[in-house]
Amino acid sequence: MATETVELLDELSESNTVGNDPETKWRKNSLAFFHPNNNGTGSFVTFSVNAPEDDKRGVLWVKLVPQKAGTKVGDSNLFSKEKSEYLNMKLNAIEVGAILYVLNGNKDKIDNSKDGKFPGLTHKSTGGTRTLYFDKQQYGFRLSINVAGGNNIGFNLFDGGECVVLADFLNRALGKMSPI
């Protein structure tokens with residue numbers, strides 16, 4: 001499984017490589033959590049920060065990859081390598097701040113309204129409408145990306161270590177994203 005994970009991370013991170021060492025930038029600027037299960041319904045999530053270039057602001061990419069149906073913990077090839085199978089979203093610093101606001105216990109979910117009518121972070125493009133949800137759950141947090149009329153992938157972060165590590169990574173990402 002370790003080899004499969006590294007190969008998949010290499011493939012997903014091709015756009016994040018620099019110089020002759022494709023691993024370096026990925027490892028310094030990305031974080032991944034893996035949760036396969038024996039039902040074949042697990043997933044993994046990566047957070048990858050791209051620093052500002054010229055006058056552009058930095059961004060954070062969130063990618064969710066589903067576990068292949070019918071696979072179990074310990075199998076090789078647990079996660080799909082097909083780009084059509086995974087979902088990603090590009091977030092700006094304010095959107096990263098919204099996730100941190102929930103992680104820090106200030107709200108139960110990302111919500112862009114006072115009355116709860118606009119949950120999540122919605123992006124509209126020629127490829128369709130995607131919404132990233134980040135909600136407090138009984139045992140941690142749930143991150144999901146939903147495509148209007150299409151694919152949905154979710155990931156559960158558990159209280160404790162995963163949440164602390166994610167909050168630390170996102171705080172560092174904000175520092176890398178800002179040209180200040």
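Guide: Happy to! Keep in mind that this is a predicted model. The partners are Asp168 and Arg172, whose closest N and O atoms lie 2.9 Å apart. Both residues belong to helix 4 (residues 161-177), and because they are four residues apart, about one helical turn separates them. Asp168 is partly exposed, at 38% relative accessibility, while Arg172 is exposed, with a relative accessible area of 55%.

From here, let's go on to Asn29, which sits in helix 2 (residues 22-29). With a relative accessible area of 13%, Asn29 is buried, because buried means under 20%. Its side chain makes a polar contact of 2.5 Å with the side chain of Lys176. Setting aside neighbours within four places in sequence, Asn29 also touches Phe47, Ser48, Val49 and Phe169, along with that Lys176.

Our last stop is Tyr139, in the loop between strand 6 (128-137) and strand 7 (140-147). Tyr139 counts as exposed, at 59% relative accessibility. Its side chain joins that of Gln138 through a polar contact of 3.3 Å. Beyond neighbours within four places in sequence, Tyr139 is in contact with Leu157, Phe158 and Asp159. As for Asn156, 17 residues from Tyr139 along the chain, the two C-alpha atoms are 8.8 Å apart.

Notes
Residues numbered from 1 in each chain as written. Predicted model: local features only at pLDDT ≥ 70, side-chain atom pairs only at ≥ 80, totals over all residues. Heavy atoms only, no water. Salt bridge = Lys/Arg side-chain N within 4 Å of Asp/Glu carboxyl O. Helix = DSSP H or I, 4+ residues; strand = E, 2+ residues; numbered from the N terminus. Buried < 20%, exposed > 50% of the residue type's maximum accessible area, 1.4 Å probe, protein only. Polar contact = N/O pair within 3.5 Å; in protein donor to acceptor, adjacent residues only side chain to side chain. Contact = heavy atoms within 4.5 Å.
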